[in-house]
Amino acid sequence: MGRITVEEYADFVREDQQRAYRLAYGYLRSREDALDAVQEAVASGLEHLDSLRSPERLRAFFTRILVNECLDMLRRRKRRGDVASLDSQPELVPAQPDAAEERSDAMAVGRAIDALPPKLKTVVILRFFEDMTLAEVAESAGCTLSTAKARLYRALKELRRELGEEDWL
């Protein structure tokens with residue numbers, strides 16, 4: 001197994017940029033902060049490229065760097081008292097009554113996910129929004145498979161409680 005070249009890394013970044021932005025935006029809820037996080041993750045990935053031993057692990061390697069960058073940005077925001085919320089997003093007028101209810105439900109879920117502790121939020125976002133397998137989630141989050149499963153179970157339990165859906169399974 002050879003090391004990944006800078007050109008291969010650049011190709012990966014170009015192909016993965018939309019997914020990376022979407023992931024960062026899911027954490028940060030700010031276009032500018034998401035773009036900054038992706039840019040910082042790309043630079044950090046390039047800087048640490050020599051530590052990547054296996055080219056097939058590039059996606060997990062980069063995702064882990066990006067998630068850590070997003071969590072660092074959230075910590076800095078919290079220290080500054082600068083917390084962005086879904087409530088600050090502009091409201092759209094629904095085209096039909098059902099759309100308003102769906103949007104309200106989606107906003108409630110978004111707020112509940114945002115309120116999760118960072119490690120739990122990470123497994124939810126990676127599993128359900130990035131459609132990763134639990135093995136990929138574990139690798140990207142830097143934990144074992146059993147830890148990823150336990151975090152996902154705990155996160156879903158907290159989301160159900162927060163959303164008043166304790167009877168779900």
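This is a short chat about a predicted model.

Visitor: What are the ground rules here?
Guide: Residues are numbered from 1 along each chain as its sequence is written, and side-chain values use heavy atoms, with hydrogens and water left out. Because the model is predicted, local features need pLDDT of at least 70 and side-chain atom pairs count only at pLDDT 80 or more, while totals for chains, interfaces and linings use all residues.

Visitor: At what angle do H6 and H7 pack?
Guide: Helix H6 (residues 134–141) and helix H7 (residues 145–162) pack at about 100°, with their axes 8 Å apart, helices being DSSP runs of H or I with at least four residues. That makes H6 roughly perpendicular to H7, a term for angles of 65 to 115 degrees.

Visitor: Which residues make that contact?
Guide: From H6 come Leu 134, Ala 135, Val 137 and Ala 138, and from H7 come Leu 145, Ala 148, Lys 149 and Leu 152, where contact means heavy atoms within 4.5 Å.

Visitor: Switching topic, how many disulfides are there?
Guide: The count comes to zero disulfides, taking a disulfide as a pair of cysteine sulfur atoms within 2.5 Å.

Visitor: And is Cys 70 buried or exposed?
Guide: Cys 70 is buried, with a relative accessible area of 0%, and Cys 143 is buried as well, at 18%; buried means under 20% relative accessible area, with a 1.4 Å probe and protein chains only.

Visitor: Where does Leu 66 lie, and what does Leu 66 touch?
Guide: Leu 66 lies in helix H3 (residues 58–80) and counts as buried at 0% relative accessibility. Leaving out residues up to four places away in sequence, Leu 66 touches Ala 20, Leu 23, Ala 24, Ala 37, Val 38 and Ala 41. The C-alpha atoms of Leu 66 and Ala 41 are separated by 5.0 Å, although these residues are 25 residues apart along the chain.

Technical notes
Axes are lines fitted to C-alpha atoms, for helices over the stretch in contact, and angles run from 0 to 180 degrees between N-to-C directions. Helices (H or I, at least four residues) and strands (E, at least two) are DSSP runs, numbered from the N terminus. Angles under 35 degrees count as roughly parallel, over 145 as roughly antiparallel, 65 to 115 as roughly perpendicular and the rest as oblique. Buried means under 20% relative accessible area, exposed over 50%, partly exposed in between (1.4 Å probe, protein chains only).
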